[in-house]
Amino acid sequence: MKLFKSAVMLAVGLAAGVLAACSDDDGIDNRDLDYGYVQFKLYKEASYVAPSDEATQQQMQTRAAKPQLDYLTEASKVRVTLSYGDQTIVQTLTLSSADSENAEYGIRSGKIKLLTGNYEIVRFTLFDNNDEELYNGNATDPNLTVIPGGLTVHDLTVNVVPRGKVRFTLTKDMSGFTPPTSSTRANISREYIFEEIGKFDVSVKNTQTNNIVEFEQLPVTFSIHFDDPENTETPEGYQTSTCACDSLLSLQAGSYIVIKYQTYDSDGILLETNDTPVESPFTVEDNRTTDADVAVTLHEADEYMKDHYALYAIWKSLHGTEWSYQGENYPAGSNWDFKKDPDLWSYQPGVEVHTNGRIAKIDISGFGFYGPMPKEIGQLTELVELYLGTHNDTNQGFKDPTLDPDQSLTERSRNRMENHRKLLHAMHPATQMSWPCAFALREHGIHTRATELYDQGYTEEQIFEASTGRQIEIRPMDTSHGKLCNGLESLPAEIGNLKKLEYLYIANSAITSLPGNEGEGKEGMQGLESCTDFELYNCPKMAKFPRELALMPKLVAANLSNNKQWEAQDLHDGLSALAEGPSKEYIQMLYLTDNSLEEMPASFKNLKRLGMLDLARNNIRKLHPLGEDVSITELVLDHNQIEEIPVDENGKFCNMDDMSDLSVSFNKLKKFPNIFNSEMIAAISSVDFSYNDLQDYTEEEAAAFNGIYVETLTLAGNPGLTKYPKWLSDSNSEVAYIILRGCGLTEIPEGCFNSKYASALISLDLTYNRLTKLPQDFNAETLPFLYGLDLSQNAFASFPFEPMTCKGLTVFAIRGQRNDKGERCLREWPTGVYQHTGLRGFYIGSNDLRKIDDTISTAIWTLDISDNPNIVFDASDICYAWKNGAYKLIYDKTQNITNCDEMLE
């Protein structure tokens with residue numbers, strides 16, 4: 001109980017104390033009113049302003065006593081001598097501050113307890129950490145009053161060297177700009193741009209004492225910003241740039257000028273030493289921060305600056321004030337802006353620079369420019385890429401893989417063939433197999449060019465015409481012939497100065513000719529000695545093939561497509577000159593689609609490195625063999641008038657050891673060309689002779705056939721093929737995927753699947769023919785790896801059970817069987833189909849099925865029974881799986897579906 005009682009009394013006492021403290025009149029003041037406390041604050045005399053009277057500062061400076069301290073932080077203790085009536089009091093107190101930097105703005109002493117009353121400060125003495133005397137001083141205001149029970153703070157001023165902080169900013173001095181013929185900077189290892197500066201040294205001189213102070217390796221941060229709105233010399237919204245140093249540097253108070261600077265890049269490599277800079281005066285005041293500029297002189301004669309003026313000349317000549325961007329890379333309506341410092345003129349949409357500020361890339365496709373390209377383009381001698389329109393200006397959404405912005409120029413060069421293959425395949429999608437065949441391959445993780453549109457999300461209905469099975473054209477559409485996207489009128493001969501230019505694209509343009517050699521400094525197209533990738537696409541006002549191209553020395557890839565205005569003979573002769581010119585040793589890719597060529601030049605055999613040739617959509621009637629020395633990998637001859645593919649004396653059209661894709665669809669070939677060999681080292685990926693006039697081989701032609709080794713063989717749309725090509729088997733050809741859609745097939749002879757390579761067959765598209773039965777050798781023994789078979793749109797009156805023996809069969813389609821009268825002729829459901837352990841898709845829609853008395857397997861998880869108007873289908877076996885999304889039934893709600901009411905809701 002005693003402990004409890006004491007606790008209560010203590011609580012009561014504390015409460016009383018609180019109440020007393022909160023009371024103004026009735027409470028009890030427990031302070032010792034005979035005493036008070038004093039604390040001293042020491043300030044630098046140079047920047048001290050007395051709280052009561054700012055004018056006292058001048059008095060302090062005249063009354064200051066004694067030696068001068070370098071820094072206030074040197075003082076660790078203060079000894080104060082006070083007089084109190086007849087008494088003298090001496091007290092030593094410690095001094096403290098947050099840190100040495102803050103000490104320059106004032107330090108405070110410990111507190112001393114004194115009797116209340118009036119005192120006089122006789123003197124004060126400062127000591128260092130070792131108690132050595134540093135300084136003796138007199139108080140500016142010696143009078144000190146100690147108040148009862150309170151704290152008096154009294155200021156003491158100390159004569160300390162006045163110092164302030166300086167923040168340096170590198171600015172640009174362009175006041176001495178002269179015509180570009182003036183001399184360049186002195187004392188530099190190379191020309192550099194303002195933005196490159198990463199560090200700098202600066203030397204400043206105190207104009208009063210002539211003392212020089214040097215600061216080294218100060219880091220800076222580059223920034224572009226709007227100019228000071230108070231600067232009346234620049235218009236509103238004018239942009240400039242600076243390199244700001246974040247470091248605050250200490251300097252003695254006084255007036256200064258900059259007398260020297262050295263600039264370095266971010267790696268510390270010296271860029272420039274300038275011993276005679278603009279003086280840039282600034283004043284440092286005690287304990288204040290001053291922003292000081294170091295003016296870095298820019299020179300108009302530097303090459304990068306000349307480049308910037310060339311940009312302006314190009315913009316002016318091509319009516320830049322009217323530009324308005326239409327595309328996807330920049331905001332709609334974008335234009336170049338020159339309301340900024342000239343060294344910032346390269347900050348424009350479509351412009352990229354090298355690290356030294358020289359212009360590296362210009363792409364003004366989509367800006368709507370027009371007019372002649374000025375001769376100033378010849379100044380841009382470091383230019384690597386120049387795009388004056390491209391073939392897909394209007395094809396928004398399609399990204400040209402050959403110009404992939406995520407790949408460096410080195411990567412583009414290394415991946416050039418693969419990138420161009422992607423572009424070629426996008427421009428000319430392969431003939432596709434039916435969806436059931438593609439579905440079967442997908443189930444096994446197989447993707448080919450004949451399934452690529454499905455992989456892109458297209459459906460079978462979007463790819464084929466339902467009535468004929470003919471493939472609908474699906475490809476990224478480039479700009480159509482005659483549609484102009486810019487009004488470029490001409491290029492000057494000075495473009496030949498661009499010795500480092502690698503990419504030059506001119507497209508959808510009003511240009512009428514290309515410049516030739518006019519002499520030194522005006523070499524025209526011939527001077528582009530590094531240009532490897534060139535495009536001249538859809539330039540309808542260029543009436544003649546530009547023979548200047550034949551003089552370009554190192555072309556690797558050229559796109560001369562969509563220039564139908566060139567006459568056939570003129571185009572032939574121009575291409576012949578190109579194939580006989582200096583670039584013949586380098587050309588690897590040649591696009592000539594959508595032109596009027598009637599004969600492929602025989603001189604193409606000179607192009608020993610030719611790997612890709614696109615001659616689609618011309619009027620070619622005559623080819624010439626390329627010969628053994630041309631190992632072409634991608635050849636597109638679609639949509640021409642070709643009746644035969646010739647061979648040389650060795651029986652070769654070209655060297656096919658590296659052939660990947662050959663497409664000669666939509667031509668007039670009468671016979672399957674005997675230009676292949678079943679004994680090739682590697683298989684060709686795709687051979688497409690669809691939509692020609694191919695006829696069946698005679699016995700003699702079949703006996704002479706050398707065979708073929710190919711992954712995908714496409715012969716779709718050849719109504720003259722009435723029999724399945726047995727000559728493939730007889731020649732030991734090896735084929736994985738065969739597309740014979742829409743031919744005139746009425747028979748598959750026995751023996752078509754008896755060859756030693758028959759087991760290589762994986763997918764067979766026989767849709768839209770007139771087949772009524774399959775041969776006996778169409779079975780598991782000859783076709784063990786057949787995954788996909790589509791017999792849709794044929795004339796089977798009874799179900800062909802032969803494929804059901806193939807254990808590898810994954811998807812089987814037999815939709816839409818019609819007899820010669822157009823009547824539905826297939827009524828038979830393949831009883832026992834559920835026993836096939838490998839089947840995953842079964843398409844038997846658009847027939848005349850009746851009542852299905854058979855087990856429906858959920859393992860065959862895709863079943864098409866749609867458009868069977870008389871069907872009676874018991875869905876009890878699959879209803880649960882269907883309701884849970886584990887089964888796909890393709891059906892019509894008008895059909896008689898029983899035992900799963902949800903299907904009809």
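In this predicted model, strand β3, which covers residues 87–96, pairs with strand β4 in the antiparallel sense, and two bridges join them.

Within it, Q39 has K111 of β4 as its bridge partner. When tracing such strands, the reader may keep in mind that the side chains of a regular strand alternate between the two faces of the sheet.

L151 lies in strand β8, which runs through residues 151–158. L151 has a relative accessible area of 39%, and is therefore classed as partly exposed, since that class lies between the limits of 20% and 50%.

How many cavities of 30 Å³ or more are counted? The count is three, and the largest cavity has a volume of about 140 Å³. Its lining is made up of 14 residues, of which Y724, L728, S733, I738 and C752 are the closest to the centre. Two elements, α12 (727–730) and β33 (734–739), each give two or more residues to this lining.

The loop between α12 and β33 contains N732. The backbone of N732 deserves attention: its phi is near 55°, a positive value in a residue other than glycine. Most residues other than glycine have a negative phi. With a relative accessible area of 28%, N732 is partly exposed.

A positive phi is also found at N210, where the angle is near 65° and the residue is again not glycine. Where is N210 found? N210 belongs to the loop between β10 (199–206) and β11 (212–219). Is N210 exposed or buried? The relative accessibility of N210 is 52%, so this residue counts as exposed, because the limit for that class is over 50%.

Terms used
Residues are numbered from 1 along each chain as its sequence is written. This is a predicted model: local features need pLDDT of at least 70, side-chain atom pairs count only at pLDDT 80 or more; totals for chains, interfaces and linings use all residues. Side-chain values use heavy atoms; hydrogens and water are left out. Two strands pair if DSSP finds at least two bridges between them. Helices (H or I, at least four residues) and strands (E, at least two) are DSSP runs, numbered from the N terminus. Buried means under 20% relative accessible area, exposed over 50%, partly exposed in between (1.4 Å probe, protein chains only). On a 1 Å grid over the protein atoms alone, a cavity is a set of points where a 1.4 Å probe fits but cannot get out, and a pocket is an open set with protein on both sides within 12 Å along at least five of seven lines; lining residues have an atom within 4 Å of a point. Grid points are joined across faces, edges and corners, and a volume is the space filled by probe spheres set on the points.
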